[in-house]
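Please find below a note on the model under discussion.

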2 protein chains.
Amino acid sequence: MSLRQMQYLVTVVEQGSFTRAAELLHVTQSALSHQIKALERESGGPLLERLPRGVRLTPMGRAYFPHAELAVRSAAQARRAALATAGAESGELHIATVHAHAVGVLPEVCARWGREHGGVRLVLHEYATTEDLFAHMERGVADLAVGPRPEKWPGPVTVVGTEEMVMVLPPGDPLAGRAAVRIDEVADRPWVRCALEPVLAGRRWLDVECERAGFTPRTAVRTQHTSTAVRMAAAGVGVLITAAHELTGLDCTAVPTDPPWRREITAFSRVPPTGAAARFVTLLRETGVPGGGR
Amino acid sequence: MSLRQMQYLVTVVEQGSFTRAAELLHVTQSALSHQIKALERESGGPLLERLPRGVRLTPMGRAYFPHAELAVRSAAQARRAALATAGAESGELHIATVHAHAVGVLPEVCARWGREHGGVRLVLHEYATTEDLFAHMERGVADLAVGPRPEKWPGPVTVVGTEEMVMVLPPGDPLAGRAAVRIDEVADRPWVRCALEPVLAGRRWLDVECERAGFTPRTAVRTQHTSTAVRMAAAGVGVLITAAHELTGLDCTAVPTDPPWRREITAFSRVPPTGAAARFVTLLRETGVPGGGR
DNA sequence: CCCCACCATGAACGTTCTTCATGGCCTCCA
DNA sequence: TGGAGGCCATGAAGAACGTTCATGGTGGGG
């Protein structure tokens with residue numbers, strides 16, 4: 001029962017095919033067959049169901065797989081952690097994040113990283129929702145995650161900055177130009193909702209605030225990606241509250257809310273960041289993230 | 001970079017010595033040296049500091065180690081998960097728990113398990129505190145944990161029962177024989193505190209309740225193990241509130257609190273329990289745990 | 001000061017993994 | 001319906017890897 005066998009299994013399952021997995025792993029399909037068979041022999045039964053078209057996990061495989069995946073990913077992280085501590089001049093740093101942050105706060109950080117730590121390649125894993133991000137971080141896909149503060153996270157969480165939330169309005173909106181807008185002033189408008197809304201104690205922030213203001217937000221449309229939501233709002237579909245920096249380059253109006261809302265951006269990982277990961281956190285705090293480090 | 005190498009490293013670090021680790025792993029010390037050296041070569045530098053007396057992790061080793069440990073433990077869990085799903089007639093099921101539960105609720109469950117699933121050996125990992133339990137579960141030491149509901153846990157949590165909390169009094173105490181006792185009736189007494197007190201939203205339950213009752217509990221003694229605390233209380237050192245079933249066989253008086261307190265017993269794991277683990281959860285709910293299944 | 005405990009090293013042997021070559025099976029399509 | 005092609009399995013041979021045996025170096029304690 002070796003790491004290699006698990007790596008092979010994971011790849012075969014991900015690819016749904018021995019042949020494609022073999023190409024990806026740079027071995028022959030025969031080697032895969034042998035190894036998977038050996039793994040199945042040791043595990044006491046078949047893990048994969050060989051279908052005429054591709055493969056699928058057996059019930060036993062489903063019990064086995066998540067652990068194997070975590071083992072494989074942890075091993076990869078171990079290697080990267082060691083390399084990052086050693087040379088700091090080569091290797092990879094895997095960062096997981098949500099799409100909204102990837103387009104918003106990370107580009108500048110990545111640019112500085114490239115100049116200052118050229119040897120360490122950044123590998124970005126972007127997810128559409130925070131749930132996705134957390135789920136994949138738990139499975140160990142990345143060394144470090146950048147995103148909203150996780151509600152439940154068994155590991156170190158560092159606040160690297162805060163974002164100011166603004167209300168997005170189409171160009172020429174009557175409220176445009178105001179210094180700030182109270183939420184009840186738009187109580188009668190439809191809203192653009194997004195999968196990535198900040199959550200507080202299990203409830204969406206906006207719902208809580210609207211309830212306090214005495215109305216229930218009417219949803220015009222619900223999107224996965226924040227960038228989509230922003231364009232909806234800019235087109236006048238409805239009101240959206242989102243982080244200010246996600247609007248750069250768009251033809252729309254943004255007005256701060258009254259009272260001002262802020263949302264934390266955090267970096268979190270399974271173990272205290274060392275080497276490259278630690279430097280990345282420092283860079284995050286120093287660069288580009290409004291309110292960084294507090 | 002194989003699992004075996006990581007397994008070797010973990011054992012060497014745990015044992016603090018190549019020689020002892022070699023014995024434990026049933027290989028020669030030479031094999032260990034070779035493998036660790038190979039691992040260090042691939043990792044880009046030494047992971048262990050060779051001291052005249054035993055070994056220690058280098059900074060790089062400290063970055064590497066936790067990931068390696070998780071990889072090793074996950075692999076072991078994968079194997080067990082597969083075997084448990086396969087035969088269900090052999091293998092091991094690793095259960096992590098806190099000492100108080102190990103002596104309180106588990107004996108009966110384990111007895112039934114032995115009769116009904118004799119082939120699957122139970123391996124118990126007992127920890128003194130819930131913090132210890134959670135920390136070790138995160139590192140993947142066991143397939144399933146039994147204990148109080150974890151505050152932050154990234155995985156399935158099942159309530160398997162509730163325990164009634166009672167106030168422990170020495171034999172002949174004036175309050176003994178009462179149907180129930182309010183907490184403010186013992187406001188002037190010293191308390192026996194225990195590391196394993198139920199926690200609610202980050203604060204110890206007892207502190208919250210006493211604050212509500214208008215006093216601050218005065219601590220007579222603080223213990224690690226609940227069983228110690230129970231004996232303290234039975235000896236008249238102070239008042240203790242703990243689960244009723246932890247008193248079986250002791251010469252002391254237990255009086256329910258007014259209002260009644262209950263604490264949940266949960267089973268939690270990293271992935272949905274399958275096979276042996278799933279059956280164990282079922283057994284927990286069916287057996288011996290007051291209020292099981294709700 | 002010598003001996004013991006402890007880890008490193010090099011060469012030989014046994015095991016394991018990969019490849020090459022080939023075979024079986026199912027599906028799609030003429 | 002029969003052949004072509006995609007897909008995984010299998011068996012044998014060679015390469016790669018891990019283990020052992022034997023031995024060397026180093027520091028601490030009697």
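1. Conventions. The model is predicted, with local features requiring pLDDT of at least 70, side-chain atom pairs counting only at pLDDT 80 or more, and totals for chains, interfaces and linings using all residues. Residues are numbered from 1 along each chain as its sequence is written, chains are lettered from A and ligands numbered from 1 in the order in which they are written, and side-chain values use heavy atoms, with hydrogens and water left out.

2. Surroundings of DNA strand C. Of the atoms of DNA strand C that come within 4 Å of the protein, 60% belong to sugar and phosphate.

3. Composition of that surface. Six of its residues are nonpolar, eleven polar and three charged. Here Ala, Val, Leu, Ile, Met, Phe, Trp, Tyr, Cys and Pro count as nonpolar, Asp, Glu, Lys and Arg as charged, and the others, Gly among them, as polar.

4. Secondary structure at the DNA. At least two residues each come from helix H1 (3-15) and helix H3 (29-43) of chain A and from helix H2 (18-25) and helix H3 (29-43) of chain B. H3(B) contributes the most, with five residues. Helices (H or I, at least four residues) and strands (E, at least two) are DSSP runs numbered from the N terminus.

5. A side-chain N or O atom of Arg50(B) is 2.5 Å from a phosphate oxygen, and a backbone N or O atom of Thr28(A) lies 2.9 Å from a phosphate oxygen. Ser30(B) instead places a polar side-chain atom 2.9 Å from a base oxygen.

6. Aromatic pairs. Over all chains there are eight (ring centres within 6.5 Å; planes under 30 degrees apart are stacked, over 60 edge-to-face, the rest tilted). Phe134(A) and Phe268(A) form a tilted pair, 5.6 Å centre to centre with 55° between the planes. Phe134(A) lies in helix H7 (residues 130-138) and Phe268(A) in strand E13 (residues 253-268) of chain A, so the pair ties together parts 134 residues apart in sequence.

7. Aromatic cluster. Trp153(A) and Phe268(A) form an edge-to-face pair, at 5.0 Å and 65°. Phe134(A), Trp153(A) and Phe268(A) form one aromatic cluster.

How values were computed:
A residue is near a molecule or strand if one of its heavy atoms lies within 4 Å of it. A polar contact is a pair of N or O atoms within 3.5 Å; within protein, one must be able to donate a hydrogen and the other to accept it, and residues adjacent in sequence count only if both atoms are side-chain atoms. Rings of Phe, Tyr and Trp (its six-membered ring) pair if their centres lie within 6.5 Å; planes under 30 degrees apart count as stacked, over 60 as edge-to-face and the rest as tilted.
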